[in-house]
Amino acid sequence: GNDCLDLSYGVYEIKNIKVKKCADKGISAGENSNMKIETLNAKEVNIGIASKDYARVFVNNLFIDTVKDCINAYNKKQEFSGGFINVKKMNCVNYKNLEVQDNASKILINWWRQHF
């Protein structure tokens, strides 16, 4: 009934991860964490990937299907600021919002975006 993977306060490197039918976020990075993901596949989740509260997330290959938001970056806790997400290749289909970010956050898509 929550996130499939929720990580904070650390350095994380993930080669290949598949998440499906998470009630909230496929992957959530928060509280000053650093995360590098080679390939993420997320399907039937509320938010594909989220970065919040000084978290920095780098994704090489992002495949997301059937979501409300593909990518989300924001500030949640008062003692922190926004999140950062940098994606090299992204394919997001069947979504309501491609990117959602607040003024304290940044989302970068390096190579290309595919919309279907």
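**Disulfides and their surroundings**

A: The torsion about the S-S bond of Cys4 and Cys22 is about -100°, so this disulfide is left-handed. Cys4 lies in the segment before β1 (5–8) and Cys22 in the loop between β2 and β3, so the bond ties together parts that are 18 residues apart in sequence. Please note that this is a predicted model, in which local features need pLDDT of at least 70 and side-chain atom pairs count only at pLDDT 80 or more, while totals for chains, interfaces and linings use all residues. Residues are numbered from 1 along each chain as its sequence is written, and side-chain values use heavy atoms, with hydrogens and water left out.

Q: What joins Cys4 to Cys22, and how many disulfides does the structure hold?

A: A disulfide is a pair of cysteine sulfur atoms within 2.5 Å. For Cys4 and Cys22 the S to S distance is 1.8 Å. The structure holds 2 disulfides, and the other joins Cys70 to Cys92, with S to S 1.7 Å. Cys70 belongs to strand β6 (residues 56–74) and Cys92 to strand β7 (residues 84–101), so this pair links distant parts of the chain, 22 residues apart. The link of Cys70 and Cys92 is left-handed, with -75° about the S-S bond. Counting bonded cysteines along the chain, the pattern is 1-2, 3-4.

Q: Is Cys4 buried, partly exposed or exposed, and what of Cys22?

A: A residue is buried under 20% relative accessible area, exposed over 50%, and partly exposed in between (1.4 Å probe, protein chains only). Cys4 counts as partly exposed because its relative accessibility is 40%. Cys22 has 6%, and therefore counts as buried. Cys70, at 0%, is buried, and Cys92 is buried with a relative accessible area of 0%.

Q: Where is the place of Lys21, and which residues does Lys21 touch?

A: Contact means heavy atoms within 4.5 Å. Lys21 is placed in the loop between β2 (11–20) and β3 (25–30). Not counting residues up to four places away in sequence, Lys21 touches Lys43, Glu44 and Val45. The C-alpha atoms of Lys21 and Val45 are separated by 5.3 Å, although these residues are 24 apart along the chain. Lys21 is exposed, because its relative accessible area is 60%.

Q: In which strand is Asn61 found, and is Asn61 buried or exposed?

A: Asn61 is found in strand β6. Its relative accessible area is 17%, so Asn61 is buried. Leaving out residues up to four places away in sequence, Asn61 touches Glu38, Thr39, Leu40 and Lys89.

Q: How many aromatic pairs does a search of the whole structure find?

A: Rings of Phe, Tyr and Trp (its six-membered ring) pair if their centres lie within 6.5 Å; planes under 30 degrees apart count as stacked, over 60 as edge-to-face and the rest as tilted. The search finds 3 aromatic pairs. Ring pairs link Tyr9, Tyr54 and Phe80 into a cluster.

Q: How many helices and strands does the protein chain have?

A: Helices (H or I, at least four residues) and strands (E, at least two) are DSSP runs, numbered from the N terminus. The protein chain has 0 helices and 8 strands, in the pattern β-β-β-β-β-β-β-β along the sequence. Along its principal axes the C-alpha trace spans about 40 × 30 × 25 Å. Of the 116 residues, 48% count as buried.
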